[in-house]
Amino acid sequence: MALKNFEGAVAVITGGASGIGLATTQLLHARGAHVVLADINQQGLQRAEEQLRLSNSEATGNISSIPTDVTNEQQVQALMRKATEIHGRINLVVTSAGVGNGGPIDLFTSAQMQTMMNINFMGTYHCVQAALPTMRQQQSGHFVLLSSVAGKLGAPLLTGYCASKWAVRGFSIALRAELHGTGIGVTTVYPAWVETPMIHQEEDAMQLLNVQALLTADQVAAEILQAVTEDRRDLTLAPNHDIAIILQIMKEDPDKAEQLSGEAFRQGMAKIAAQQRG
Ligand SMILES: NC(=O)c1ccc[n+]([C@@H]2O[C@H](COP(=O)([O-])OP(=O)(O)OC[C@H]3O[C@@H](n4cnc5c(N)ncnc54)[C@H](O)[C@@H]3O)[C@@H](O)[C@H]2O)c1
């Protein structure tokens with residue numbers, strides 16, 4: 001059964017200190033949910049909590065924040081245990097903890113690749129595994145798993161990020177099938193570029209990728225809550241003609257999509273090289 005109303009619901013949000021996680025937390029709290037924020041960034045968590053208390057002063061839901069590294073299975077187990085101890089249930093888990101860096105595959109180290117997979121994919125898996133016992137007991141609950149449009153296509157310079165987001169996609173599709181009929185839902189979110197600190201982390205790489213924010217975190221948060229109430233399997237947010245077209249071609253003719261993407265990349269590189277030559 002889809003979660004239709006967030007009043008009194010208990011939501012655990014990873015990556016809750018920033019960007020999409022923070023915006024989703026704010027909206028959930030404004031709609032009456034009890035929110036449990038988890039993030040590796042302790043100062044960010046404190047700031048987020050203060051911001052929530054100020055901006056949602058009328059809201060009735062509790063706010064807790066629990067510093068958590070999602071790559072650490074024990075910490076994630078402790079997070080979900082704590083949320084269950086405090087509130088007696090978990091209605092919603094949003095896995096928004098993530099990192100997004102890129103670069104040429106020749107220079108993308110094994111350590112970078114491992115970190116990417118550990119945070120973006122293993123972190124998601126840890127959260128699902130740790131929250132499932134509570135949800136199974138309730139025979140209800142909902143997971144919102146953040147993938148990306150990069151989980152539906154292949155982007156040059158984003159091999160690691162794409163791999164981690166395709167992993168989230170495959171995991172969530174199998175999970176939704178496995179949980180069919182249990183009362184536990186799964187929504188996977190595939191946004192294009194969103195205006196958050198993530199897209200400003202590595203200005204050089206982002207310039208190479210020609211990143212242009214197309215969505216705000218508040219827009220994504222509103223879409224997420226709507227998708228949860230409708231128990232949607234797939235929330236793809238690509239309000240840009242080129243991305244929408246490439247996603248469509250990827251479905252119909254992946255060879256062509258890869259070729260177009262590769263050609264656009266080579267042309268972009270040639271343009272940058274020409275500019276640098278003056
Ligand atoms: N911003 C975009 O353009 C975009 C597009 C598509 C998908 N996404 C995905 O949305 C999610 C949220 O991204 P965002 O844009 O809000 O980024 P963000 O950088 O604003 O927030 C990510 C949060 O995750 C936290 N985090 C990082 N590693 C962690 C760890 N090991 N344990 C716990 N927390 C950790 C960070 O401290 C940060 O607060 C990510 O999974 C990202 O890949 C983002």
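In helix H5, the residues Gly160, Tyr161, Cys162, Ser164, Lys165, Val168 and Ser172 are buried, where buried means that 20 or more other C-beta atoms, placed from the backbone, lie within 10 Å of a residue's own, while 12 or fewer make a residue exposed and the values in between make it partly exposed. Helices (H or I, at least four residues) and strands (E, at least two) are DSSP runs, numbered from the N terminus. The model is a predicted one, in which local features need pLDDT of at least 70 and side-chain atom pairs count only at pLDDT 80 or more, whereas totals for chains, interfaces and linings use all residues. Residues are numbered from 1 along each chain as its sequence is written.

The buried residues of H5 pack against H4, strand E5 (141–146) and strand E6 (184–191).

A nonpolar core is a set of buried Ala, Val, Leu, Ile, Met, Phe, Trp, Tyr and Cys residues joined through C-beta atoms within 7 Å, and the largest one here has 69 residues, with Ala11, Val12, Ala131 and Ile224 making the most contacts inside it. The largest share of this core, eight residues, comes from H4. Ala11, if residues up to four places away in sequence are not counted, touches Leu28, Ala33, Val35, Val36, Asn91, Leu92 and Val94, a contact being a pair of residues whose C-beta atoms, placed from the backbone, lie within 7 Å.

Leu45 lies in helix H2 (residues 42–55), and Leu45 counts as buried because it has 22 C-beta neighbours inside 10 Å. Leaving aside neighbours within four places in sequence, Leu45 is in contact with Ala17, Leu37, Asp39, Ser65 and Pro67.

We turn now to the ligand. Of the 32 residues around the ligand, Gly15, Ser18, Gly19, Gly98 and Thr196 come nearest, a residue being near if its C-beta atom, placed from the backbone, lies within 6 Å. The elements giving two or more residues to this shell are helix H1 (19–30) and helix H4 (110–138).

Finally, the protein chain is divided into domain 1 (10–239) and domain 2 (240–278), with bounds that come from an automatic or database domain assignment. Their C-alpha centres lie 28 Å apart, and 11 residues of domain 1 are in contact with 12 residues of domain 2.

Note on methods:
Contact = placed C-beta atoms within 7 Å.
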